[in-house]
Amino acid sequence: MSRLRTLPESSSSISSTAVGGDEAAGGNGLVNALKEKRCQFWLPNKSRHCANSPLPLSMFCGNHDSSASDRRLPCPLDPSHSVFKENLESHLKRCPSRKQVIALEAHAYYSKGINSGFIDFADDDISSEAKRRAIYGLNILDFLALVKKIESLHAAVVGYLEDSYLMPEACEKWLRRQIDSKIPYQERHVLQQASILGNMEKFGILHRPKNEIIGSVLEEGEGNNFVQKKGELPAVVEFGAGRGYLTHMLADSYGIQRIFLVERRSYKLKADRSLRKNESIQLERLRIDIEDLNLHAVESLNGQSYLAVGKHLCGNATDLTINCCHPQKTDRSKKAFSSSCHLQGIALATCCHHICQWKHYSNRRLFLDHGITKQDFYAITWFSSWAVDADHSSNISNQSDRSMDINAREVNEVQKLFGPVEYFMGDRSVEETIRNMKAVDRAAFGFKCKDIIDMGRVLWLREQGLDAVLVKYVPHRISPENHLLLAKSR
């Protein structure tokens, strides 16, 4: 069996620096805006102001003028931009995304909303701002009752999460940076990708070829790791693939030859060019939203076994991916899905739990069975953002026995509701109470909320007949978004 080693404590991490804001424009912003006729909205990623022309009597363009926001709607063809309500009909006829949508709808694997699960179409997405307002609107007793309910749910369903920081021997040349210098290299991403693959190997859904040469035929093997012949290697479908460097490492280290990259956006500096140089690799990029992908209708995947992988699948994308690979048994899915391709294993690194939506979440029954309402679920998703706000030099998420620290007052009144409760903030608002909490307490509670959301997904997969586990695959100093969901067929 390939040797797996744990991630050394001495490995360095890379910190990111926030880009400054509007102050860089100086005190003459309005004067310069009038002279240059340029929108004064600051774009931190580009370190400049928006280049669009401002609206009459405004410092901002139509996209960034807050007074016009109530009149604008996201474009139905591409929600990355918005349009005035009165211009929507004419915009749809000339939107640059229109040709792409028409081409996408012609594909057999396109099926609008096929992976949405049991969806109430009247249930709109709830923004993080709306979730925050709902929590701040609670009275203090209701807030404490909600906290107690969440703590109880965590104790009931999560248990111990294993630290599984693995660096497989197969990825050694990536870890030593012995790769093409043209490939973008960031140490923290390489460490995450390598540990994902190491955990897949340990879990038994990924096997390293005995021969180092990609595409070698394996007639005999040692144990279960080296029994695969060239034609028996599974395909890999990377969901939310971005530039595709997770699969690039997988193909380079484990000899995978059939690759499908699922991504709705277009990216520069993709791994595609490097992968296509290897003539033994068959690569297909599917530019489609995971929500609309009928994977069983992808002709080139017909009859293949495949691994579903994803690194940092944001919010709903994890639930949509699970449903894409193992659809819930609705009347619609029975008609739409066939057994043309076969799921061999799943490895999904989750993130951005704060944008999860009730209508897409795969295990709503778990929450309802424990007395957690839809509104409580949204509170849990909002609390989960606290996990990434703290100093991650220490391992906060391992403090699972830590409770939220709220100053004591009127303890007797709270004890009538909850029994012995140590902390209470009698006459302060929920907002003020949260603001005065210790950062470490907020972060620990945020990690508990992430644990609950991901463990719900694991339990749902187990109910569908799969073996599934949840592990922490990198230390927090590399990424606080460090949950890896693994599943395989029994």
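Trainee: How many aromatic pairs does the structure hold?
Mentor: This is a predicted model, and it holds 12 aromatic pairs. Take Trp386 and Phe445, one of those pairs, with 6.2 Å from centre to centre and 50° between the planes.

Trainee: What makes Trp386 and Phe445 a pair, and why is it called tilted?
Mentor: Ring centres have to lie within 6.5 Å, and here they are 6.2 Å apart. For the angle, under 30 degrees would be stacked and over 60 edge-to-face. The planes of Trp386 and Phe445 make 50°, so the pair falls into the remaining class, tilted.

Trainee: Which parts of the chain does that pair link?
Mentor: Distant ones: Trp386 is in the loop between α13 (374-383) and α14 (411-418), while Phe445 is in helix α16 (residues 439-463), 59 residues apart. Both rings also belong to a cluster that ring pairs build, along with Tyr136, Phe143, Trp382 and Phe383.

Trainee: Are Trp386 and Phe445 buried or exposed, and how do you know?
Mentor: Buried means under 20% relative accessible area. Trp386 has 2%, so it counts as buried. Phe445 has 2% too, so that residue is buried as well.

Trainee: What sits over the ring of Trp386?
Mentor: The charged end of Arg442, 4.6 Å from the ring centre. The distance cut-off for such a contact is 6 Å, and the charge must also be within 35 degrees of the ring normal. Elsewhere, Lys488 lies over the face of Phe203, at 4.6 Å from the ring centre.

Trainee: What makes His189 partly exposed?
Mentor: Buried would need a value under 20%; His189 has 22%, so partly exposed is the label. His189 is placed in helix α7 (residues 187-203). Its C-alpha is separated by 8.5 Å from that of Ile478, 289 residues apart along the chain.

Technical notes: Residues are numbered from 1 along each chain as its sequence is written. This is a predicted model: local features need pLDDT of at least 70, side-chain atom pairs count only at pLDDT 80 or more; totals for chains, interfaces and linings use all residues. Side-chain values use heavy atoms; hydrogens and water are left out. Helices (H or I, at least four residues) and strands (E, at least two) are DSSP runs, numbered from the N terminus. Buried means under 20% relative accessible area, exposed over 50%, partly exposed in between (1.4 Å probe, protein chains only). Rings of Phe, Tyr and Trp (its six-membered ring) pair if their centres lie within 6.5 Å; planes under 30 degrees apart count as stacked, over 60 as edge-to-face and the rest as tilted.
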